[in-house]
Amino acid sequence: MAEICVTNTGLAGLVIIEPTIFGDDRGYFLEAYNTNEFKKHGLPTKFVQDNESMSKKGVLRGLHFQTNNPQGKLVRVVTGEVYDVAVDLRGNSVTYGKWAAVVLSGTNKKMFYIPPGFAHGFLVLSDEAVFTYKCTTPYDPYSDSGILYNDNDLGIEWPISEGENLLLSEKDKCLKSFSNFKTNF
Ligand SMILES: Cc1cn([C@H]2C[C@H](O)[C@@H](COP(=O)(O)OP(=O)(O)O[C@H]3O[C@@H](C)C(=O)[C@@H](O)[C@H]3O)O2)c(=O)[nH]c1=O
């Protein structure tokens, strides 16, 4: 069993996971998920959905969450590089409204485990990025919700270059502000 290294962020339950990478002449091998290893570290082991997206440079997806059956997400990048952000929306949390970020790339192979009750989004830093994630509960289009990525109260420091054209979905351009969001997590 290949070991993972788990690093806490300042937000309870939100962790950075680094897998063991076995490199050789052919390339590399890693375990992207191993139930026993996750159990050993007290991480969730029930995932019901695997997703993949590809995005161009400057694409920003988020900040997303589901109101009814909040999803825990184990996210990583296969190729490319993104700036990945998670915002604590858990009403009873001492870090409610706080965010943490990590650069995930096809080179560093880092993963982010984002517990239920967080909003999540990412900005693509490379020409293209293939992003993949496991979810602890199924997608529910009826409780799909979100907060604007540049909400002033959240104050997320996105690494957006001068004059860069961001590409957002029509849905993401009209997300609500944090102050309008009433937590029910
Ligand atoms: C997320 C999702 C979307 N879809 C559909 C709905 C829509 O027609 C199309 C694209 O959906 P979206 O525009 O919401 O995709 P996207 O903007 O990539 O949404 C994702 O963003 C990141 C930041 C997350 O955290 C994810 O949980 C998810 O919300 O795919 C599914 O069928 N199943 C799913 O699980």
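**Chat: hairpin, sheet and ligand shell**

Reader: Which strands does the two-residue hairpin join?
Author: A hairpin of two residues joins β3 to β4. Strands here are DSSP runs of E with at least two residues, numbered from the N terminus. This is a predicted model, where local features need pLDDT of at least 70, side-chain atom pairs count only at pLDDT 80 or more, and totals for chains, interfaces and linings use all residues. Residues are numbered from 1 along each chain as its sequence is written.

Reader: How many bridges between β3 and β4?
Author: Four, with β3 (residues 21-24) and β4 (residues 27-30) running antiparallel. Two strands pair if DSSP finds at least two bridges between them. Phe22 has Phe29 in β4 as its bridge partner.

Reader: OK, the six-stranded sheet. What's the strand order?
Author: β1-β2-β10-β7-β12-β5, an open sheet with antiparallel pairing. β1 (4-8) and β5 are the edge strands with a single partner each, so one side of each has no neighbour in the sheet.

Reader: And β7 with β12, how many bridges?
Author: Six, also antiparallel, between residues 73-79 and 128-135. Val75 sits opposite Tyr133 in β12.

Reader: Switching to the ligand. Which strands supply at least two shell residues each?
Author: β5 (49-56), β6 (60-66) and β11 (118-124). A residue counts as near if its C-beta atom, placed from the backbone, lies within 6 Å of the molecule. Residues around the ligand include Asn51, Arg61, His64, Lys73, His120 and Tyr139.

Reader: What's the class breakdown?
Author: Two nonpolar, seven polar and three charged. Nonpolar covers Ala, Val, Leu, Ile, Met, Phe, Trp, Tyr, Cys and Pro; charged covers Asp, Glu, Lys and Arg; the others, Gly among them, are polar.
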